[in-house]
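Please look over the structure shown below, and keep its sequence at hand while reading.

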Amino acid sequence: MHYKRRFRTKHEDIAFDPDDMFRACNPSQQEYSKIHNNITIVVKLSSDATTEQAEQSGAPDQSLPSTTLEMFTRCPRFRILVIGKSGVGKSSLISQAFGVEKEIIADDKPGEANIDEELISTRNERFVLHDSKGFEAGDRDNLKIVRDFIDHRGTMSPEHQLHAVWLCFEIPRAGGRLLETGTEDFLKSKSSGELGNVPVIVVLTKYDLLVDRIERTLGRSSLSDKDRKELVKKNAEAELRDTCTGPLEQLVGPDIPYAMISTEEDYEGTLTHLVQITEQCVGQHSASEASATAPIAQHSASEAAVMGSIAQRVDPGLKIKASIEVGKKKYWKALKSCPTFKKRRMWECLHVLHTDIVNVWNFHDPYHHLHSQDFRDMMLKIVDEMEVGPTGYSTNIKTPISMVSAISVVAAIAGIVSALAGPAAPIVVPIAVGAVLSTWVYEVYQISHPVLRRFMAYIIHLTLVLQTLFIVSESQELTRRAIKLAVASYLDSQTSKEVPAWIQDYDQQLNILERADCEILDKIIDVMQRYKIDAAQISKLRADLPPVDLSSDEPW
């Protein structure tokens with residue numbers, strides 16, 4: 001787009017989401033509006049030859065509805081309130097947990113935070129933040145503001161409701177006081193039920209400083225590194241009980257969860273723990289809300305925990321869990337009997353499955369590379385090439401598969417990067433881009449062993465490719481180069497060879513007429529869980545990766 005600002009012409013690339021565009025338009029008014037920097041952009045839409053041919057050929061009038069896009073209509077973002085004094089570390093916490101810029105919160109600048117302001121980053125459009133300053137001694141005004149905000153959000157429609165509160169404190173030194181009077185009043189309000197059921201998680205920040213202090217008090221010793229780390233951890237837990245968790249439980253009992261976190265290197269596991277606790281609490285809150293609300297409200301409440309998993313950017317396991325929950329809603333749970341697939345061509349069915357899985361992983365992908373036809377074709381070709389003949393791989397594997405999978409993928413990434421002629425050399429994916437797709441893709445969906453094998457393979461291969469991309473991308477803006485590295489590394493890994501073996505082994509035992517839906521879903525979940533990489537391994541895996549430039553782009 002070109003426009004003039006203060007008598008100078010400026011050029012700026014603006015990303016449009018095709019799904020949003022076509023969902024917004026209707027036959028009577030085929031146009032799409034988007035506001036960018038206070039400028040309204042209107043795109044006129046019209047039918048084309050492809051649409052007309054589809055209508056003439058008797059194809060379905062509408063595309064298959066995406067489960068995630070329907071869910072985003074009801075609950076577009078995971079909404080969290082973070083409370084904490086200036087300098088407590090809120091900006092680093094939010095930046096790392098949700099993959100947004102630190103500047104979203106002015107954490108180092110004392111002053112008034114507008115709790116009603118919706119803080120949204122273009123780097124993660126499935127997350128919205130509300131910021132509040134901490135509770136100072138004798139400050140009753142902010143306590144009332146926070147209480148009123150939580151109460152008001154509870155009366156709003158589902159898309160505007162609050163999903164969780166993070167109450168942040170810096171871990172005090174021994175003898176220091178954790179809770180001010182205003183904070184105690186807030187926690188008592190929560191414990192007594194005055195704040196409703198919205199989950200409140202106490203976040204104890206700068207855990208690394210506590211560990212460093214304890215390290216210094218030990219001085220020199222004859223202990224091994226392992227024993228020394230265990231002693232430091234034991235002493236840190238003891239001090240936390242004295243200064244933080246003990247006083248907290250004495251005030252409000254054990255019902256308010258807490259997590260110790262640090263945003264420094266080597267402490268990534270603490271963020272994972274916080275995100276997992278939040279997901280569990282939101283899920284429990286959703287379940288309690290669902291039992292006491294109308295069906296529509298129940299539907300929205302149950303999706304809040306899934307939205308939390310979609311918004312977070314630290315735990316790939318939660319992404320896989322959310323993909324399973326989305327799949328269970330409609331398409332995965334009924335691959336054999338799904339009535340919406342009848343009279344649909346295979347590519348239509350795979351298109352909606354692909355859209356839902358990619359939406360759950362929620363990468364920073366402003367140019368929609370993962371939704372592009374090139375990437376979809378690439379995944380179809382992976383399914384084709386992996387299906388030919390016996391695999392030669394055994395499914396009788398004793399070693400923990402997730403660890404083997406992680407090592408295999410990292411080794412593949414390292415091998416590909418080291419083989420590059422230079423830092424800017426293009427990455428080659430061993431699949432012919434632009435080659436003609438197999439004819440089965442254009443056939444009408446029908447139940448058979450080959451069809452079910454292909455659909456299972458597509459779901460699992462795509463999920464594990466995205467898991468590999470999660471390792472290499474580190475919440476940065478996606479490029480085709482990064483995606484190609486993830487695909488090439490996955491194809492070069494042992495994992496990509498073992499997955500077809502699991503599917504073939506299962507297919508030989510499957511009676512397609514008996515309980516196929518339930519069994520197929522269970523097998524998809526089983527294989528994905530086997531190859532899920534533990535979030536605790538992610539930082540170490542990334543540390544083992546050789547340096548490679550993924551910020552510059554290149555053709556498919």
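This is a predicted model: local features need pLDDT of at least 70, side-chain atom pairs count only at pLDDT 80 or more; totals for chains, interfaces and linings use all residues.

Q: Is S66 buried or exposed?
A: S66 belongs to the loop that runs between helix 2 (49–56) and helix 3 (67–74). Its relative accessible area is 9%, and a residue counts as buried when this value is under 20%. S66 is therefore buried.

Q: With which side chains does the side chain of S66 make polar contacts?
A: Leaving aside residues up to four places away in sequence, S66 touches V352, T355, D356 and N359. Among these, D356 is joined to S66 by a polar contact of 2.7 Å between the two side chains. The side chain of S66 also makes a polar contact of 3.0 Å with that of T68. The partners asked for are D356 and T68.

Q: How many Å apart in space are S66 and Y331, C-alpha to C-alpha?
A: In sequence, S66 and Y331 are separated by 265 residues. In space, taken from C-alpha to C-alpha, the separation of S66 and Y331 is 9.5 Å.

Q: Which strands stand at the edges of the open sheet of six strands?
A: The open sheet has mixed pairing, and its six strands follow the order 6-7-5-8-9-10. From one strand to the next, the twist averages 25 degrees.

Q: Which residue of strand 7 stands opposite F78?
A: Strand 5 (residues 78–83) and strand 7 (residues 124–132) run parallel and are joined by six bridges. Within strand 7, the residue standing opposite F78 is F127.

Q: What angle does the direction of helix 8 make with that of strand 10?
A: Helix 8 (residues 225–252) packs on the sheet, where it touches both strand 9 (200–205) and strand 10. The direction of helix 8 makes an angle with that of strand 10 of about 165 degrees.

Q: Are helix 5 and helix 6 roughly parallel or roughly antiparallel to each other?
A: Helix 5 (residues 140–154) and helix 6 (residues 181–192) pack with their axes 10 Å apart and at an angle of about 25 degrees, and their crossing is right-handed. The contact is made by R140, L143, V146, R147 and I150 of helix 5 together with G182, D185, F186 and S189 of helix 6. Angles under 35 degrees count as roughly parallel. Helix 5 and helix 6 are therefore roughly parallel.

Key:
Residues are numbered from 1 along each chain as its sequence is written. Side-chain values use heavy atoms; hydrogens and water are left out. Helices (H or I, at least four residues) and strands (E, at least two) are DSSP runs, numbered from the N terminus. Buried means under 20% relative accessible area, exposed over 50%, partly exposed in between (1.4 Å probe, protein chains only). Contact means heavy atoms within 4.5 Å. A polar contact is a pair of N or O atoms within 3.5 Å; within protein, one must be able to donate a hydrogen and the other to accept it, and residues adjacent in sequence count only if both atoms are side-chain atoms. Two strands pair if DSSP finds at least two bridges between them. Axes are lines fitted to C-alpha atoms, for helices over the stretch in contact, and angles run from 0 to 180 degrees between N-to-C directions. Angles under 35 degrees count as roughly parallel, over 145 as roughly antiparallel, 65 to 115 as roughly perpendicular and the rest as oblique. A crossing is left-handed if the near helix is turned anticlockwise from the far one by less than a right angle, and right-handed if clockwise.
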